[in-house]
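The following paragraphs lead the reader through a protein model, one part at a time. Please keep the sequence and the structure in view while reading.

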Amino acid sequence: MNRTNRLAAIVMALQHGHETAHSLGEKFEVSRRTILRDIQSLSEMNVPIIAISGPGGGFSLMEGYVLPPLQLDPVEAATLIFALEGLSRYADTPFHEKRWTLMNKVKAIIPDDIMARIDPMLKQLHHHIPDRNYILHHLDPLLACIPEQGWLSVLYRSVSRSRHRWLHICPTRVYASSGFWYCEAYSIEHGEQRLFRVDRIIDVKAIEPQDAQVLNEQAQQQQSKPIPPEQPPTLVKAQLSYRGMIEAEQDEHIGEKMIEIAPDLWELSFLCPPGEWDWAVRFFYRLGREAEVIEPLQLRSEIRQHAEEVSRRYLASTKS
């Protein structure tokens, strides 16, 4: 980012609230001294920046000051359109209608010459998001609860599709991944933070304030209970082919823990928590011949047992 763009970005950041030299430096990947020089330059250009000294100090804009609209450069325009196209590939979103109207508005304000420059670039960029078929009936109530740390009663369908259960949850975060929307929430029934797929929420009921207070107290009691010591994680080492590496790098937890040790051969090494052991067995079994676990021996043994069970099932079906 050149200095002119950074100066404009600093003003836009201050429009959203108080910032420190340190926080601005982290945002724009420059030193604190550079930010202080930029603040001085903005002041000399009559931008009304207020400096607050002492603990909790920093910078803010004089109330009522608004930066005039800025024209997007080609890369900024391409970035915005690319992000919107990624959102539009989800089957449903919390901004279902607005994503289309916003896309049209953005394209309308971008000059034709800039659109002509970025169009070839956009044709080479693609979001890989699996096609899903669902409608998010209850995403808005989840989003509305998060700022207030509120509670909801939700009827949730389990993975097996055969079990429906009413749960009392306090949503803390909503995010999209692999074509689905997920909600992280504290569950009273589970007594811990859980992850829920939003399209599996069948029904939602509001919680009265007095009942929410009771749930808050219950959650505090659950969280104050002593946590039993957890077993230490297990070191897992495996060797992967090129195809195995491609599969493994898509996992957010282990995707960056591989090194190439020979042409078309990668080594994966990570610490596996006890709670993720079954996942590790399934993961390496699914990779088949594209991976070999080197250690621990117990993991090798359980993968072999898994393969033998599948083999016996198919042998039995062949004989019959």
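**The sheet and its surroundings**

In this predicted model, five strands form an open sheet with antiparallel pairing, and their order is 6-5-4-3-7. Strand 6 (192-197) and strand 7 (201-206) are found at the edges; each has a single partner strand, so one side of each remains without a neighbour in the sheet. From one strand to the next, the twist averages 45 degrees.

One of the pairings may be followed in detail. Strand 3 (residues 152-157) is joined to strand 7 in the antiparallel sense over five bridges. Within this pairing, leucine 152 has alanine 206, in strand 7, as its bridge partner.

The next element to consider is helix 7. Which residues of helix 7 are buried? In this helix, which spans residues 139-148, they include Leu139, Leu142 and Cys145. These three residues lie on the same side of helix 7, because they cover an arc of only 125 degrees around the axis.

Against what do the buried residues of helix 7 pack? Their partners are strand 3, strand 4 (164-177), strand 5 (180-187) and strand 7. Just after the helix, glutamine 149 adopts a positive phi of about 55 degrees.

Attention may now turn to charged side chains. In the whole structure, a search finds 10 salt bridges.

Another salt bridge connects helices. The side chains of glutamate 247 and arginine 286 meet at 3.1 Å, N to O. Glutamate 247 belongs to helix 9 (residues 242-248) and arginine 286 to helix 10 (residues 277-287), so the pair ties together parts that are 39 residues apart in sequence. Glutamate 247 is partly exposed, at 35% relative accessibility, whereas arginine 286 is exposed, with a relative accessible area of 52%. Elsewhere, salt bridges that share partners join Arg3, Arg6 and Asp38 into one network.

A further pair consists of glutamate 19 and lysine 27, whose side chains meet in a salt bridge at 2.4 Å, N to O. Is glutamate 19 buried or exposed? Its relative accessible area is 10%, and glutamate 19 is therefore buried. Lysine 27, by contrast, has a relative accessible area of 49% and is partly exposed.

Arginine 197 lies in strand 6 and, at 15% relative accessibility, counts as buried. Its side chain makes a polar contact of 2.8 Å with the side chain of aspartate 199. Leaving aside residues up to four places away in sequence, arginine 197 touches Tyr156, Phe180, Trp181 and Tyr182.

Definitions and conventions
Residues numbered from 1 in each chain as written. Predicted model: local features only at pLDDT ≥ 70, side-chain atom pairs only at ≥ 80, totals over all residues. Heavy atoms only, no water. Pairing = 2+ DSSP bridges. Helix = DSSP H or I, 4+ residues; strand = E, 2+ residues; numbered from the N terminus. Axes fitted to C-alpha atoms, helices over the stretch in contact; angles between N-to-C directions. Buried < 20%, exposed > 50% of the residue type's maximum accessible area, 1.4 Å probe, protein only. Arc of directions from axis to C-beta. Contact = heavy atoms within 4.5 Å. Salt bridge = Lys/Arg side-chain N within 4 Å of Asp/Glu carboxyl O. Polar contact = N/O pair within 3.5 Å; in protein donor to acceptor, adjacent residues only side chain to side chain.
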